[in-house]
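Subject: Structure for your review

Dear colleague,

Please find below the structure that I am handing over to you. My findings follow it.

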Amino acid sequence: MSVAVQAQQKKNRIQVSNTKKPLFFYVNLAKRYMQQHDEVELSALGMAITTVVTIAEILKNNGLATEKKVLTSTVGMKDENKGRLVQKAKIEIVLGKSEKFDSLMDAANTTPEEDSKDKE
């Protein structure tokens, strides 16, 4: 794999955490990444896996994304409390822009402006 390909993959990867950000922060970030790179890679460990699945389902159900790839694995991580190696589940979901993505995003971006013009 070339360095350019690896760099591009890193730019459109979102590592999801349960604690740091609200769900729709990740949904909106994923939309932005799909606009820029045509696809987004969502990844999570352990308890954050449900959050990644929810993000992917929101984007798919709204017609914005199509599922390209789902990878599951187990990674060994050092437990801070016990100091020993623990196995954690990991998921990676790659989503691509749907055919309707651009028109749906355009509609979402123009609607508020048109609403404000109607009220004037």
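The largest nonpolar core has 25 residues, and the members that touch the most others are Ile 14, Val 40, Leu 42, Leu 59 and Leu 95. By nonpolar core I mean a set of buried Ala, Val, Leu, Ile, Met, Phe, Trp, Tyr and Cys residues joined through side-chain atoms within 4.5 Å; buried denotes under 20% relative accessible area, exposed over 50%, and partly exposed the range in between (1.4 Å probe, protein chains only). Two or more residues of this core come from each of strand E1 (13-16), helix H2 (23-37), strand E2 (39-45), helix H3 (49-61), strand E4 (85-97) and helix H4 (101-119). Helices (H or I, at least four residues) and strands (E, at least two) are DSSP runs numbered from the N terminus.

The model is predicted: local features need pLDDT of at least 70 and side-chain atom pairs count only at pLDDT 80 or more, while totals for chains, interfaces and linings use all residues. Residues are numbered from 1 along each chain as its sequence is written, and side-chain values use heavy atoms, with hydrogens and water left out.

Not counting residues up to four places away in sequence, Leu 95 touches, among others, Met 34, Val 40, Leu 42, Ala 56 and Leu 59. Contact here means heavy atoms within 4.5 Å.

The chain comprises four helices and four strands, in the order α-β-α-β-α-β-β-α. Of its 120 residues, 32% are buried. Among contacts with a separation of 6 or more, 68% join residues 24 or more positions apart.

H2 and H3 pack at about 55°, with their axes 10 Å apart; axes are lines fitted to C-alpha atoms, for helices over the stretch in contact, and angles run from 0 to 180 degrees between N-to-C directions. H2 is therefore oblique to H3, since angles under 35 degrees count as roughly parallel, over 145 as roughly antiparallel, 65 to 115 as roughly perpendicular and the rest as oblique. The residues of H2 that meet H3 include Leu 23, Phe 24 and Met 34, and their counterparts in H3 include Thr 51, Ile 55 and Leu 59.

Two loop residues also deserve mention. Ser 17, between E1 and H2, counts as buried because its relative accessibility is 18%. The side chain of Ser 17 reaches the backbone nitrogen of Lys 20 at 3.5 Å. Asp 79 lies in the loop between strand E3 (65-78) and E4 and counts as buried because its relative accessibility is 16%. The side chain of Asp 79 reaches the backbone nitrogen of Asn 81 at 2.8 Å.

Yours sincerely

Conventions: A polar contact is a pair of N or O atoms within 3.5 Å; within protein, one must be able to donate a hydrogen and the other to accept it, and residues adjacent in sequence count only if both atoms are side-chain atoms.
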